[in-house]
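Let's take a walk through this protein and see how its inside is put together. Have the sequence and the structure open side by side as you read.

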Amino acid sequence: MSDTPDTSRPDLLRAGGVHVGYDGETVLEDVNLTLGPGHCLALAGANGSGKSTLLRVCVGRQQPDRGEVLFAGAPPREVDTTFRREVALLLDGADCFPDLTVGEHVGMVATAHGLGADARAAAARVLAELGLGGRLDAFPGTLSAGQRQMLMLASVLVRPARLIVVDEPEQRLDVRARRRLAAALRAAKENGTAILLASHDRGVVDEVADEVLLLERGRTAAFGTPAEVTSGSAAGPWR
């Protein structure tokens, strides 16, 4: 499969000719992607291949040296209230509120994003789906590393969003938790949410992604379905 944009569905997110360099070193070179509602695009590749940089560019946290990124037809601006309402992020540096319980934390996010009287029930449902239903009254400092990761994921998944962007969401999760993660992301897709994720976990990618963009040294090494990319000759850098 080529990396030619799919014109059969409307694009929610589009990046074209993205180039990023640091101190004379190329980090991303002419990378393109498109993503429509209800679809998941996974970014794969070895550490240092440019995945996290591409995520930051796609949400407006970093400006490319060349190229264009559009979300819903406009450049992404994280300071814009509409963008913040429609895009849910879990990137490097995300943290939780240590003085709120698990239930309060996720319920606050749900309330802040307009769920109103349904916020508490929505928080309880998402936390149960992610295996934290028994820890609603626990404080973040009492959770394991994997449970804290699930708490941050719950804060992303509980809120309405047109696009979810997550960087290696499988970090610190055991096999059972990764299955819960994949199921939750599939459910979000089925509700029409677009998902852009960077991941090293082929199991999660196989279960969730419709397409995979494999990066190698900032360039597109392969693009296609998970099966196509995994079986291709360029699959070696995916680790």
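Predicted model: local features only at pLDDT ≥ 70, side-chain atom pairs only at ≥ 80, totals over all residues.

**The cores**

Start with the largest nonpolar core, which has 47 residues. Which of its members touch the most others? They are Leu 130, Leu 157, Ile 164 and Leu 197. Helix H5, covering residues 145–157, is the top contributor to this core, with seven residues. Take Ile 164 as an example: leaving out residues up to four places away in sequence, it touches Ala 88, Val 156, Leu 157, Ala 188, Thr 193, Ala 194, Ile 195 and Leu 196. There's also a second, separate core of 30 residues, with Ala 15, Val 18, Leu 35 and Cys 58 among them.

**Helix H3**

Helix H3 runs over residues 102–112, and its buried residues are Val 102, His 105, Val 106, Gly 107, Val 109 and Ala 110. The buried residues of H3 pack against H5 and against helix H4 (119–129). Thr 111 is 75 residues from Gly 36 in sequence, and their C-alpha atoms are 27 Å apart. After H3 comes Gly 114, with a positive phi near 90 degrees.

| Residue | Relative accessible area |
|---|---|
| Phe 71 | 5%, buried |
| Phe 83 | 5%, buried |
| Ser 49 | 4%, buried |

How many aromatic pairs are there? The count comes to one. Phe 71 and Phe 83 make an edge-to-face pair, with ring centres 5.5 Å apart and 85 degrees between the planes. Phe 71 sits in strand S4 (residues 66–71) and Phe 83 in helix H2 (residues 81–86), so the pair links distant parts of the chain, twelve residues apart.

Now for Ser 49: where is it found? Look in the loop between strand S3 (40–44) and helix H1 (51–58). The Ser 49 side chain reaches the backbone oxygen of Ala 46 at 2.7 Å. Setting aside neighbours within four places in sequence, Ser 49 is in contact with Val 27, Ala 44, Leu 215, Glu 216, Arg 217 and Gly 218.

Terms used. Residues numbered from 1 in each chain as written. Heavy atoms only, no water. Core = buried A, V, L, I, M, F, W, Y, C linked by side-chain atoms within 4.5 Å. Buried < 20%, exposed > 50% of the residue type's maximum accessible area, 1.4 Å probe, protein only. Helix = DSSP H or I, 4+ residues; strand = E, 2+ residues; numbered from the N terminus. Contact = heavy atoms within 4.5 Å. Phe/Tyr/Trp six-rings, centres within 6.5 Å; stacked < 30°, edge-to-face > 60°. Polar contact = N/O pair within 3.5 Å; in protein donor to acceptor, adjacent residues only side chain to side chain.
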